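Here are my notes for your review. Please read them with the model open beside you.

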Amino acid sequence: MEFAFNAEQELLKKSAREFAETVVAPRVEQMETTGEVSWECIREMAKLGFMGVVMPREYGGSGLGHMARLLVISEVARVSAAVGMTLQICHLGIGPVVDFGSDDQKKKFLPPLARGEGLATIALTEATGGSDPTGIQSTARLDGDDYVLNGRKVFITNSHVADVQVAVAKTGDGPRDFGAFILEKGMAGFRPGREEHKFGLLGCNTGEVILENCRVPKANMLGTATDGLRVAMKAISDIGRMGMAACGLGMLNACLEASVKFAKERQLRGRPIADFQAIQWKITDIAADLRSAELLCYKAAWMLDQKQRADGDIALAKLVATEGSVRAAKLSVDIYGGYGCMKEYPVQRYYRDAQLLIPSAGTSEVMRMVVARQALA
């Protein structure tokens, strides 16, 4: 069993860490204050090839695969989960075009996204819920050469900043009558609605997407009028959940590093608190969650790169990495004591950000359902 990364992956990991520490870190405070997306970070990620890491080379990507994507996102999220989330959701919007798009669709949409000329997302969740996509109420009615879309999407990451959005809507009354459509910024009847104000992941945009008699050319449909759920679920499973696991992994690394550093520096009774067993056990618990998440994430990403079906492994990786990041962030705040509640220290941000990783791309309960279904098959 091989646990080492190849030379290309090691270089990419180093590049992502340097980017996060030199470009992202100086902008974290501004994102925390304004809540706005950092376009400087977006542009630099595009220059480094991060936007197109799983995109084929012939369409402007680097085609390095899912393990490379995991390394990039986790390194970015180690410094800012908000930027890591923005990146991984852009991949989520790109994925359906890569997997289901026609050659014309790929040539039109992928190269600009790889160059960072716009962001992407997927608009799936509605007020009726996100865990059951069959409950989608948005409609798509064929009218000549266009589909007319009506509906409202909620809790959409990159809702107000994405130039390309893949939306799923009902195309008929049958249980599988759902289509997936590529929406372009500027289309009549397609606009952002309410922008949400979260307590964490500040610097990552979330909000509503409103469709009011939005005319979408048939040429913008991915696959057929009954492929929508298949398009959405492959994207959510392979890209969304794997990306959330990567964010959790990055946060676990951040929690361990911050806790170890503080424990070695903080003095109590003339000794560093790292000498005390109570602190050592907390650090051990963080390390245990980190190492468990690493192995699960690496295996799931490897399976994807081998073209193996990995639904259960991805769900388990997402469950352990995101739940683990919440536990680790809480322990980090405990280790810091009163300092952990102060905004000048990063662990309070980790605590807030980690909570938002749980519901994204499927709650922990849904992840348990997926894992159990595989185990009981």
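1. Helix α1 and its cover. What covers the buried residues of α1 includes α2 (28-34), α3 (39-47), α4 (66-79) and α5 (81-100). Contact here means heavy atoms within 4.5 Å. Helices are DSSP runs of H or I with at least four residues, strands are E runs of at least two, and both are numbered from the N terminus.

2. Basis. This is a predicted model, where local features need pLDDT of at least 70, side-chain atom pairs count only at pLDDT 80 or more, and totals for chains, interfaces and linings use all residues. Residues are numbered from 1 along each chain as its sequence is written, and side-chain values use heavy atoms, with hydrogens and water left out.

3. The expected span is 1.5 Å times one less than the number of residues. Gln-9, Leu-12, Ala-16, Phe-19, Ala-20, Val-23 and Val-24 are its buried residues. They fall within an arc of 105° seen down the axis of α1, so they line one face of the helix. The arc is taken from the directions from the helix axis to the C-beta atoms. The face turned away from the buried side carries exposed Ala-7, Leu-11, Lys-14 and Thr-22. Buried is under 20% relative accessible area, exposed over 50%, and partly exposed in between (1.4 Å probe, protein chains only).

4. The cap on α1. Asn-6 caps the N-terminal end of α1. A side-chain oxygen of Asn-6 lies 3.1 Å from the backbone nitrogen of Glu-8.

5. Helix α6. This helix covers residues 103-114. Its twelve residues should span 16 Å at 1.5 Å a residue, and the end C-alpha atoms are 16 Å apart, which agrees. Gln-105, Lys-106, Phe-109, Leu-110, Pro-111, Leu-113 and Ala-114 are buried. Both helices and strands take part in the cover, which includes α3, α5, β1 (119-123), β4 (162-170), β5 (178-184) and β8 (221-222). Gly-116 follows α6 with a positive phi, near 75°.

6. The largest pocket. It holds about 930 Å³ of space. Of the 31 lining residues, Met-233, Lys-234, Ser-237, Asp-238 and Asp-311 lie nearest its centre. Elements giving two or more residues to the lining are α5, α7 (228-265), α8 (277-305), α9 (311-336) and α11 (364-376). α7 gives the most, with seven residues. On a 1 Å grid over the protein atoms alone, a pocket is an open set of points with protein on both sides within 12 Å along at least five of seven lines; a cavity is a set where a 1.4 Å probe fits but cannot get out; lining residues have an atom within 4 Å of a point.

7. The cavity. The count comes to one cavity of 30 Å³ or more. The largest cavity has a volume of about 30 Å³. Val-28, Met-31, Glu-32, Ser-80, Ala-82, Leu-202, Arg-349 and Asp-353 line it. α2 and α10 (347-357) each give two or more residues to this lining. α2 gives the most, with three.

8. Asn-150. Where does Asn-150 sit? Its place is in strand β3 (residues 146-157). Asn-150 is partly exposed, at 27% relative accessible area. Not counting residues up to four places away in sequence, Asn-150 touches Ser-138, Thr-139, Leu-211, Glu-212 and Asn-213. A polar atom of the Asn-150 side chain lies 2.7 Å from the backbone nitrogen of Asn-213.

Technical notes. Polar contact = N/O pair within 3.5 Å; in protein donor to acceptor, adjacent residues only side chain to side chain. Points joined across faces, edges and corners; volume = space filled by probe spheres on them.
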